[in-house]
Amino acid sequence: MFTNLAMEAEGDKPQQETENLSCSLDEVDYPPNNYIYRWIDGLFVVGGMITFFVDWGFDILTAYTHWKHNDVIWFTLTVIFIGVPSLVMTVVSLHWYIKDGDNPDVPKASMVRWVVRIIVLLFQLGPVLRYFDALYHGIKSRRYWKEGDKKQQQAYYTLMLYEDSDGVFLRLFECFMEAAPQLVLQLYILTQKPESVEYNRKWQYVLSLGCVTSLVSLAWGMTAYARGSRFTNQEKNNISKLGTCVLFLWQSFSIGARVIALVLFASKFRLYVLVVCLGHWIFMAVWLISRRSFSKVCSRVLGECLLSCVLGVVYIFVFINDKDEPTRKKYVFYYFVCGIENLAMVTMFLIFTDPSTWYYIPGTVIHFILFALGLAFMGMYYMVLHPTLSKTPASQAQRMQRSQVGS
């Protein structure tokens, strides 16, 4: 589940015993905050559900808009990009629920609960169901905390962590299977449509809003993944509120710049953009395989190769740390490669595209601004706000909390 990748990126899998869970100190949320479910935790879950529904709604509206304008090809591609990832996530979520039946740490679901799960999954709402369960368990934990029932508080908090981690992982792959391709597709369509007709302009507003919601969904998914991978690890300091905001901006600008470069290139060279994506995917997959990624998770080379290939697809748009080790050199390498690719694509667009094209200057300028802002916020995050810069390590926080309780 989520721990298969997140714990590889952030450290060993967290222990299941509730007494080993840690505490929180002020701004930085050392997991598991002494088992206290805070309002910011619930707000983050609600935010995940809102961005999911908004992105989903605009995708459907975009598909309807294409259908209304008799754009059968664009309608078909939009529906495929909505439906296929949704079906994959539904199957994965159902598979996880079945595996949970063999997990002694997870309470057995009743028949009524299974019926509810099947109905929700039929509506393709797998990540939302996980979010809702996490919120439900978190609220129950907080209620027992107020009542002074420490045992029930800890039990529901542990269940909340379990559901939250699975929901974050589902959302991450939903983002890069659906939101990212959808964003590239709709921006590409926008570059192919004239803006001289008022009717078309209204149509463009719908597509533009859909692109914005897809970008927000992508950035939120990455932010939730980074936060969740530390939130479920007892040995790691968690991300502060300000750090979360800066992380979100970093991901938004970086992903936005990458997508714009791909779209500008595709607007002139059409399907050749697939060659660029394929080349980048192969290069990144080989890079991951050469470093023997996921050796702790997959005992077989085939498994390592498969996971490396999956991550290679994600790397077309954004970097995810694949195991617990210093990331500075990897980030420098990744953004250097992407920077060179983006520059090459934008340069070719400028050389071979008619300068009178309406997005010729705006698209180019926006790309470079977003890329520069992405690097700036990434630098700010790692130099000032990264959890490892905290003066109080998680292990020390645990000892301080125990001494305070003992006194």
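Let's start where two helices touch: W56, D59, I60, T62, A63, H66 and W67 of α2 meet W74, F75, T78, V79 and I82 of α3. Sorted by class, the residues of this contact are eight nonpolar, three polar and one charged. Keep in mind as you look around that this is a predicted model.

How do these two helices sit against each other? Two packed helices are described by the angle between their axes and the distance between the axes. Helix α2 spans residues 39–68 and helix α3 spans residues 72–100; their axes come within 8 Å and cross at roughly 160°. Angles over 145 degrees count as roughly antiparallel, so α2 is roughly antiparallel to α3. The crossing of α2 past α3 is left-handed.

Between these two helices there is a loop, and N70 is found in it. Most residues other than glycine have a negative phi. N70, however, has a positive phi, near 60°, and is not a glycine. With a relative accessible area of 65%, N70 is exposed.

Now follow α3 to its next partner, helix α4 (residues 111–122). The axes of α3 and α4 come within 10 Å and cross at roughly 165°, so this pair, too, is roughly antiparallel. Here α3 passes α4 in a right-handed crossing, whereas α2 passes α3 in a left-handed one. On the α3 side the contact uses T90, S93, L94, Y97 and I98, and on the α4 side W114, R117, I118 and L121. By class, the residues where α3 meets α4 are six nonpolar, two polar and one charged.

Step back for a moment to see the whole chain. The protein chain has 13 helices and zero strands. Of its 407 residues, 54% are buried. Contacts also reach across the sequence: among those between residues at least 6 apart, 76% join residues at least 24 apart.

Further along, another loop residue is worth a visit. R270 lies in the loop between α8 (241–269) and α9 (272–290). R270 has a positive phi of about 50° although it is not a glycine. Its relative accessible area is 46%, so R270 counts as partly exposed.

The aromatic rings give you one more way to read the model. The structure holds 28 aromatic pairs. One of them joins Y315 and Y334, with ring centres 5.7 Å apart and 70° between the planes, an edge-to-face arrangement. Y315 sits in the loop between α10 (301–314) and α11 (328–352), while Y334 belongs to helix α11, so the pair ties together parts that are 19 residues apart in sequence. Are these two tyrosines buried or exposed? Y315 has 0% relative accessibility and so counts as buried; Y334, at 1%, counts as buried as well.

Another pair is made by F349 and Y359: their ring centres are 5.8 Å apart and their planes lie at 20°, so the pair is stacked. F349 is in helix α11 and Y359 is in the loop between α11 and α12 (360–385), 10 residues apart, and the pair links these distant parts of the chain. Both F349 and Y359 are buried.

Methods
Residues are numbered from 1 along each chain as its sequence is written. This is a predicted model: local features need pLDDT of at least 70, side-chain atom pairs count only at pLDDT 80 or more; totals for chains, interfaces and linings use all residues. Side-chain values use heavy atoms; hydrogens and water are left out. Axes are lines fitted to C-alpha atoms, for helices over the stretch in contact, and angles run from 0 to 180 degrees between N-to-C directions. Helices (H or I, at least four residues) and strands (E, at least two) are DSSP runs, numbered from the N terminus. Angles under 35 degrees count as roughly parallel, over 145 as roughly antiparallel, 65 to 115 as roughly perpendicular and the rest as oblique. A crossing is left-handed if the near helix is turned anticlockwise from the far one by less than a right angle, and right-handed if clockwise. Contact means heavy atoms within 4.5 Å. Ala, Val, Leu, Ile, Met, Phe, Trp, Tyr, Cys and Pro count as nonpolar, Asp, Glu, Lys and Arg as charged, and the others, Gly among them, as polar. Rings of Phe, Tyr and Trp (its six-membered ring) pair if their centres lie within 6.5 Å; planes under 30 degrees apart count as stacked, over 60 as edge-to-face and the rest as tilted. Buried means under 20% relative accessible area, exposed over 50%, partly exposed in between (1.4 Å probe, protein chains only).
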